[in-house]
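Subject: Structure handover

Hello,

Here is the structure I promised to pass on. Please open it first, then read the notes below.

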Amino acid sequence: MTEIPLLHTSRLKLRRMTFEDWLPYATCMQSERAKYMGGPFTTTAAWGVFCSDHAQWDFCGCGALMIEDRQTGLCLGQVGINARPLFPEHELGWLVFPKVEGQGIAFEAATALRNWAQQAGAFRSLVSYVDPQNERSRRLAERLGATQDDTAAKPDPTDIVYRHF
């Protein structure tokens, strides 16, 4: 079992998921915000994804961390590293709740988790799979320094793959 990291940035705490995170997560996953991740999801499907995000830590040595504001303690979204069997390579993904979009939260959280993944040395590679219509995530992947890899395997043939390392 991999120890779930606790990461800090100047504004954020990236921490293990708790049941208290379920309601804001479900609200986001059941909304149009989840359209680039296969949603909107039913309650049952959102619960399955939520549980999978946590269970990957035990099964795969990676998983999701919730993004928390260090000053207020509010949950702002999620960042994670996903693994097989659903993803050909380890995948860095992010989602922020609507109230904090455009504030650099996803960039800060994804940078911290990407850096942890590199320093941990447990991953041969790290990519982000992005829906071609998700312009915000495409720009974020590029801002993170990832480069487009047209030769990489994809979980969805329409995805764009951005390689971090």
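Let me begin with R136. At 44% relative accessibility, R136 counts as partly exposed, because that value falls between the 20% and 50% limits. Please keep in mind that this is a predicted model.

**Salt bridges**

Which residue does R136 pair with in a salt bridge? The partner is E101, with 3.0 Å from N to O.

Another pair is E108 with R11. Their closest N and O atoms are 2.7 Å apart. Are the two partners buried or exposed? E108 is buried, with a relative accessible area of 15%, which is under the 20% limit. R11 is partly exposed, at 35%.

Next come R163 and E89. They form a salt bridge with the closest N and O atoms 2.8 Å apart. R163 lies in strand β8, whereas E89 is in the loop between β4 (75-82) and β5 (91-96), so the pair ties together parts that are 74 residues apart in sequence. R163 counts as partly exposed, at 22% relative accessibility. E89 is buried, with a relative accessible area of 17%.

**D149 and its surroundings**

R163 turns up again here. Its side chain also makes a polar contact of 2.8 Å with the side chain of D149. D149 is buried, with a relative accessible area of 14%. A second polar contact, of 2.7 Å, joins the side chains of D149 and T151. Set aside the neighbours within four places in sequence, and D149 is in contact with V161 and R163.

**The second largest pocket**

Which residues line the second largest pocket? They are A83, R84, F87, P88, E89, H90, A122, F123, R124 and S125. By class, five of these lining residues are nonpolar, two are polar and three are charged. The volume of this pocket is about 150 Å³.

Most residues other than glycine have a negative phi, and most peptide bonds are trans. Please look at two bonds with that in mind.

- The peptide bond from G39 to P40 is cis, and its omega is near 0°. P40 is placed in the loop between α1 (22-29) and α2 (43-60).
- R84 and P85 are joined by a cis peptide bond as well, with omega about 15°. P85 lies in the loop between β4 and β5. R84 is one of the residues that line the second largest pocket.

**Two exposed loop residues**

Q133 lies in the loop between β6 (127-130) and α4. Is Q133 buried or exposed? Q133 counts as exposed, because its relative accessibility of 62% is over 50%. How far apart are Q133 and A55 in space? From C-alpha to C-alpha the distance is 29 Å, and in sequence they are 78 residues apart.

G145 has its place in the loop between α4 and β7. At 51% relative accessibility, G145 counts as exposed. G145 and L7 are 138 residues apart in sequence. In space, their C-alpha atoms are 20 Å apart.

**Where to look first**

E89 then takes you to the second largest pocket, as part of its lining.

Best wishes

Technical notes:
Residues numbered from 1 in each chain as written. Predicted model: local features only at pLDDT ≥ 70, side-chain atom pairs only at ≥ 80, totals over all residues. Heavy atoms only, no water. Buried < 20%, exposed > 50% of the residue type's maximum accessible area, 1.4 Å probe, protein only. Polar contact = N/O pair within 3.5 Å; in protein donor to acceptor, adjacent residues only side chain to side chain. Contact = heavy atoms within 4.5 Å. 1 Å grid on protein atoms, 1.4 Å probe; cavity = no way out; pocket = protein on both sides within 12 Å on 5 of 7 lines; lining within 4 Å. Points joined across faces, edges and corners; volume = space filled by probe spheres on them. Nonpolar A, V, L, I, M, F, W, Y, C, P; charged D, E, K, R; others polar. Salt bridge = Lys/Arg side-chain N within 4 Å of Asp/Glu carboxyl O. Helix = DSSP H or I, 4+ residues; strand = E, 2+ residues; numbered from the N terminus.
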